[in-house]
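Dear colleague,

Please find below the structure that I am handing over to you. My notes on what was found in it follow directly after.

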Amino acid sequence: MVRRIDVTGAGGVRLAAWEFAESPKIDPPRASEEPGVLLLHGLMGRASHWASSARWLSERHRAVALDQRGHGQSDKAPEAEYTREAYVDDAEAALEQLGLAPAVVIGHAMGALTAWQLAAKRPDLVRGLIICDMRASALGAASQREWEAWFKAWPVPFATLADVRKWFGEDDPWVERPNPSRGEFYAEVMHESPDGWRPVFEPEQMLKSRQTWVYDAHWEELAQVQCPALVVRGLDGELGRAESQEMVRVLPRGQYAEVADSGHLVHYDQPEAWRAAIEPFLDGVLTS
């Protein structure tokens, strides 16, 4: 069963939050006695990418996944802000309006950066933090140019979802070897339009969102995180071992985990191994 809950983000942007559970929890603003978990997807992702995690989390916790601004079924207004501050303020608003705080915040990629910036800003709202495959170092201007070229290379519109799966799982120049889960990941962010299948997001908004963080390093905010924090990397992901271990060192209460046979989409590539990597940390934080 899935339930949508509307949240008002920064600047009045309408956000869609989702519960994926056998029996959805009580409606806000009544607080649930169960520990809260907020799940934040990465750039181009959507809340449904967390469905598998949210379902097993909901057995013991109140787990809610958020479609962040510009993504999924949340607002994509051209005039909206796509800054770091806006994303962090949205997550803050979601925790407060959903009655989840103090919560464990789990973020993948860009969502992980939002999560640790929120934890640094509002330690009263975050009791634990899981960072999944997100670098703290600056990526630089070349990285942004590569992304701009990559978006232009997409053969949109795709005639079928099978074509989506094949291109992102096999034909995309960024794919080193066939990756079916990557194809499924991108199929989930497509919608059918009159001329074929197109992304549910606007690539220009994704680039605008990305340019607010690729030029800067984010070590200072890591050092300000007061709660227990787990850094998780896929062995073939974008976060290298040396940088991940430095992130753990910088975090005042940092821990480390890695998932074998996994790329950047750790929770999507290897859902069972992902669960095994984070569940002991969750048990320690949420039962303490």
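The protein chain exposes about 12100 Å², of which carbon and sulfur atoms supply 49%; accessible areas come from the Shrake-Rupley method with a 1.4 Å probe, and for residues only the protein chains shown count as cover. Please note that this is a predicted model, in which local features need pLDDT of at least 70 and side-chain atom pairs count only at pLDDT 80 or more, while totals for chains, interfaces and linings use all residues. Residues are numbered from 1 along each chain as its sequence is written, and side-chain values use heavy atoms, with hydrogens and water left out.

Overall form

The protein chain contains eleven helices and ten strands; these are DSSP runs numbered from the N terminus, helices being H or I with at least four residues and strands being E with at least two. Its radius of gyration is 18 Å, close to the 19 Å that the globule rule gives for 288 residues, so the chain is as compact as a globular protein of that length. Here the radius is taken over C-alpha atoms, and the rule is 2.2 Å times the number of residues to the power 0.38. The C-alpha trace spans about 50 × 40 × 35 Å along its principal axes.

Of the 288 residues, 55% count as buried. Buried means under 20% relative accessible area, exposed over 50%, and partly exposed in between (1.4 Å probe, protein chains only). Among the contacts with a separation of 6 or more, 71% come from residues 24 or more positions apart, a contact being heavy atoms within 4.5 Å.

Charges and salt bridges

The chain carries 30 positive and 44 negative side chains, and the centres of the two sets lie 1 Å apart. Lys and Arg count as positive and Asp and Glu as negative, without His and the chain ends; each charge is placed at NZ of Lys, CZ of Arg, CG of Asp or CD of Glu.

There are 22 salt bridges in the structure, each defined as a side-chain nitrogen of Lys or Arg within 4 Å of a carboxyl oxygen of Asp or Glu. One of them joins Asp89 and Lys121 at 2.6 Å, N to O. Asp89 lies in helix α2 (residues 84–98) and Lys121 in helix α3 (residues 110–121), so this pair ties together parts that are 32 residues apart in sequence. Both residues are partly exposed, Asp89 with a relative accessible area of 28% and Lys121 with 43%.

Lys121 also forms a salt bridge with Glu92, the closest N and O atoms being 2.8 Å apart. This pair again links helix α2 with helix α3, across 29 residues. Glu92 counts as buried, at 12% relative accessibility. A network of salt bridges links Asp89, Glu92, Glu96, Lys121, Arg122 and Asp124.

A further salt bridge brings together the side chains of Arg233 and Glu258 (3.5 Å, N to O). Arg233 is in strand β9 (residues 229–234) and Glu258 in strand β10 (residues 254–259), 25 residues apart. Arg233 is buried at 5% relative accessibility, whereas Glu258 is partly exposed at 35%.

With kind regards
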